[in-house]
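Please open the model in a viewer and keep the sequence panel beside it.

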Amino acid sequence: EIHIKEPIEKEVNPHLLPGELLLCEASTVYKYIQEDGSNRGTYGKLVCTNFKIAFLDDSASDDNEPQFKNKIVGENDITLQCVDQIYGGKLFNFAVYDEKKKLLTGQLRKYPEKLIIYCKDLRVFNFCLRYTKEEEVKRIVSGILHHSQTPKLLKRLFLFSYASAAPNNTDGRNQTVMFDTLEDWRDELERTKGNVKYKTVTTNEGYRVSEKLPLYFVVPICVSEESILKYEGRGIPIWCWSCHNGAALLKMSAFPKEQDDIASQTQKAFLDGIYKTVSKPPYELLKMDDLSSSLPSLQDIQTAYTKFKQLFLIDNSTDFWATDVKWFSLLESTNWLEIIRRVLKKAIEVAECLERQQTNVLLIEESATDLCCVISSLVQVMMDSYSRTKSGFQSLIQKEWVIGGHGFLDRCNHLHKSDKEEAPVFLLLLNCVWQLVQQYPPAFEFTETYLTVLSDSLYVPIFSTFFFNSQHQKDTSTSGESLKTQSGPFRFLTVWDWSVQFDPKAQAFLNNPFYAEKPKPDKSQRKTARFKHQRQLSLPLTQAKSPMKRGFFREETDHLIKNILGKRIGKFINSSDELPNSFREFYDSWHSKPVDYHGLLLPRIDGPEIKVWAQRYLRWIPEAQLHGGGTIATTAKILDLMEEVQSLQEKMDEERSQAVSGDVHSVPVLRNSARLSSLFPFALLQRQSIKPALPTSTWKDLEDEDDLVKRDDEFVDLSSDM
């Protein structure tokens with residue numbers, strides 16, 4: 001049965017931002033609603049601008065409007081940078097779920113009747129173009145492909161159009177330290193007590209040392225300006241952070257490995273001189289860690305994530321239940337969770353050197369702008385409680401990533417210049433931080449919703465934060481004579497001004513109501529409450545303190561799953577590298593004590609402790625929702641209580657005739673909590689498809705069989721899929 005709403009007669013026009021231009025449009029486009037196995041949907045207009053692809057549906061009621069509404073990107077909007085892949089195909093009896101879909105690239109000889117858009121935030125849009133005029137189909141499909149998939153120049157990004165047209169009345173700092181001035185670096189040195197051994201340098205003013213380095217940075221006091229200039233900043237230890245005991249975390253960009261003998265010997269002599277200057281045993285010890293050899297390569301990270309995200313780009317219910325049958329094996333085969341575990345383990349190793357051994361650590365990488373950023377950021381989140389506040393975390397991202405020179409433009413492939421440079425390095429950091437957030441909720445001022453929204457902001461080109469490779473590239477892009485507004489040189493927006501995307505009620509979801517602002521003297525219980533998951537989001541490996549044995553699982557794991565998966569993942573368990581004794585001793589010793597939420601935090605990394613970031617990866621899949629469940633169930637009750645307390649307080653103030661003045665922290669007014677599910681706050685409760693009684697593979701075989709009469713009877717064991 002096909003459920004079709006009649007086409008809208010009323011003209012619907014897109015809401016355009018300053019600088020946004022409508023490029024092409026198509027009417028009478030049918031958008032499928034991804035709820036169940038039916039072909040439910042609605043008619044509307046599909047448009048493409050120089051900022052986004054949008055589906056305009058005037059029949060949408062306010063009741064279904066998401067509570068957590070983004071003011072820039074609507075529910076049916078896809079920014080051009082958020083488009084991952086586009087598929088097209090033919091329709092058979094109006095069914096969108098045929099398997100003859102083709103990846104659309106370049107010039108098309110034949111235009112598709114259906115369009116499937118896969119997004120980098122893991123949304124999937126299905127559009128039927130059968131009833132759209134042929135000329136409109138050609139224009140909209142060609143326009144979407146051209147503007148979202150072909151290589152473009154930096155200044156063609158909507159970032160520049162918006163910045164030159166929009167009034168910039170906001171002060172985007174919001175207590176976030178931007179690290180674009182000498183004073184910011186000096187303040188950070190003073191905050192961490194690192195100014196005794198380290199100094200800020202202005203050697204790179206005018207970018208005379210290197211275009212990859214920031215204007216200002218910090219080096220050991222003993223490093224001379226001549227040394228910095230000699231090899232364009234390569235081979236120089238650059239300061240990241242100082243521990244309370246004086247030990248410091250440093251990073252260094254290495255020399256290219258392929259050099260002639262004379263150059264290699266000269267560079268080796270230079271490095272020896274630098275090491276002797278920095279390392280002065282027994283007072284100043286230095287441990288060097290080459291991340292290119294101790295962590296997965298960027299290519300390995302990209303490959304793992306590409307496999308991993310396919311598990312969540314679900315077209316329909318059939319695909320979901322097909323993957324559900326082999327969930328654990330598919331999850332293991334991606335290797336994504338293992339990469340997260342290895343990165344967290346490396347961060348703990350660095351923390352041990354700084355905290356227990358009081359040794360300086362020098363992270364080495366070819367450019368020092370990828371894995372160095374991940375490890376240095378994680379170490380600071382684990383060791384510095386300031387980095388676990390919202391403003392502190394944002395300042396950390398500014399320092400290590402934005403000013404530190406991470407190539408967001410290349411790694412996110414915003415310009416579609418080269419797939420070889422693409423790697424989800426920043427997403428890897430957010431995944432690792434999420435592990436800490438979900439293990440120790442009271443230690444963080446921000447929520448997992450904040451991290452999810454931050455990951456989405458990677459693809460919103462009205463903020464400059466994630467759209468340049470370096471500070472130099474940003475500065476040179478804004479200095480041209482053509483880039484002026486009537487009021488003078490324009491300023492880009494920063495993503496840290498959350499009021500641009502969300503109103504105050506929505507912003508409340510970014511703040512953690514469980515955050516322990518001040519350390520309690522009685523050191524409250526370490527173990528936080530755990531919620532059981534309906535769909536297990538971690539590989540069921542070993543318990544934290546159990547010896548690694550083939551096929552050993554937690555007791556509560558279903559016996560059937562033990563039998564099915566024991567042999568399959570035994571190899572994965574045994575392949576885990578053995579931890580050094582000193583590391584294990586440090587790790588076990590810390591976990592045996594109560595947690596100080598304002599002190600050192602070490603993530604649990606054994607076996608099933610590493611989980612899938614459910615909110616980010618499952619939020620668009622109705623089949624995976626937990627009715628009234630997930631962490632939002634508890635948070636919703638807390639927010640309800642906060643709202644009730646606030647209301648009572650206001651009534652008391654009114655009775656006392658004392659008017660409330662100043663800012664009142666707004667709390668979102670939650671709708672009927674019975675409608676909430678684990679998809680909240682990104683969506684309300686949705687219709688959930690019923691899991692098929694037959695195994696999915698058998699079900700699909702039955703669907704594909706043309707002549708059921710000729711099919712031999714076969715026994716189906718229904719208990720095998722329960």
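A residue is called buried under 20% relative accessible area, exposed over 50%, and partly exposed in between, with a 1.4 Å probe and protein chains only. By that criterion, buried residues make up 54% of the 722 residues in the protein. This is a predicted model, in which local features need pLDDT of at least 70, side-chain atom pairs count only at pLDDT 80 or more, and totals for chains, interfaces and linings use all residues. Residues are numbered from 1 along each chain as its sequence is written, and side-chain values use heavy atoms, with hydrogens and water left out.

**The whole chain**

Display the cartoon: the protein has 22 helices and 16 strands. These elements are DSSP runs numbered from the N terminus, helices being H or I of at least four residues and strands E of at least two. A contact means heavy atoms within 4.5 Å. Among contacts in the protein with a separation of 6 or more, 73% are between residues 24 or more positions apart.

**Stop 1: the sheet of 8 strands**

Strands of a sheet pair through backbone hydrogen bonds, either parallel or antiparallel. Here two strands are taken to pair if DSSP finds at least two bridges between them. Select the open sheet with the order S4-S3-S2-S1-S8-S7-S5-S6, in which 8 strands pair in the antiparallel sense. Its edge strands are S4 (77–79) and S6 (102–103), each of which pairs on one side only.

Next, select strand S2 (residues 41–49). Is this strand enclosed or open to the outside? As 9 of its 9 residues are buried, S2 is largely enclosed by the rest of the structure. Strand S1 (residues 22–32) pairs with S2 over 8 bridges in the antiparallel sense, and Val29 stands opposite Gly44 of S2. S2 also pairs with strand S3 (residues 52–56), antiparallel, over 4 bridges. There, Lys45 stands opposite Leu56 in S3. A hairpin of 2 residues connects S2 to S3.

Axes are lines fitted to C-alpha atoms, for helices over the stretch in contact, and angles run from 0 to 180 degrees between N-to-C directions.

**Stop 2: Ile53**

Centre the view on Ile53, which lies in strand S3. Ile53 is buried, with a relative accessible area of 1%. S3 pairs with S4 over 3 bridges in the antiparallel sense, and the bridge partner of Ile53 in S4 is Ile78. Which residues surround Ile53, leaving aside its neighbours within four places in sequence? Its contacts include Leu46, Val47 and Cys48, together with Ile78, Leu80, Val83, Ile117 and Ile144. Of these, Leu80 is 27 residues from Ile53 in sequence, and the two C-alpha atoms are 6.7 Å apart.

**Stop 3: the sheet of 4 strands**

Move to the open sheet of 4 strands with the order S11-S12-S14-S13 and mixed pairing. Strand S11 (238–242) and strand S13 (286–290) are its edge strands, each pairing on one side only. On average, neighbouring strands of this sheet are turned by 25° against each other, direction ignored. S11 and strand S12 (residues 248–253) run antiparallel and are joined by 4 bridges; Trp241 has Leu249 of S12 as its bridge partner. Select helix H11 (residues 371–383) as well: H11 lies across S11, S12 and strand S14 (360–365), at about 150° to S14.

**Stop 4: helix H19**

Select helix H19 (residues 581–591) and show its side chains. Its buried residues are Phe583, Phe586, Tyr587, Trp590 and His591. Viewed down the axis of H19, these fall within an arc of 120°, so they line one face of the helix; the arc is that of the directions from the helix axis to the C-beta atoms. The face turned away from the buried side carries the exposed residues Asn581 and Glu585. The cover over the buried residues of H19 includes helix H10 (336–355).
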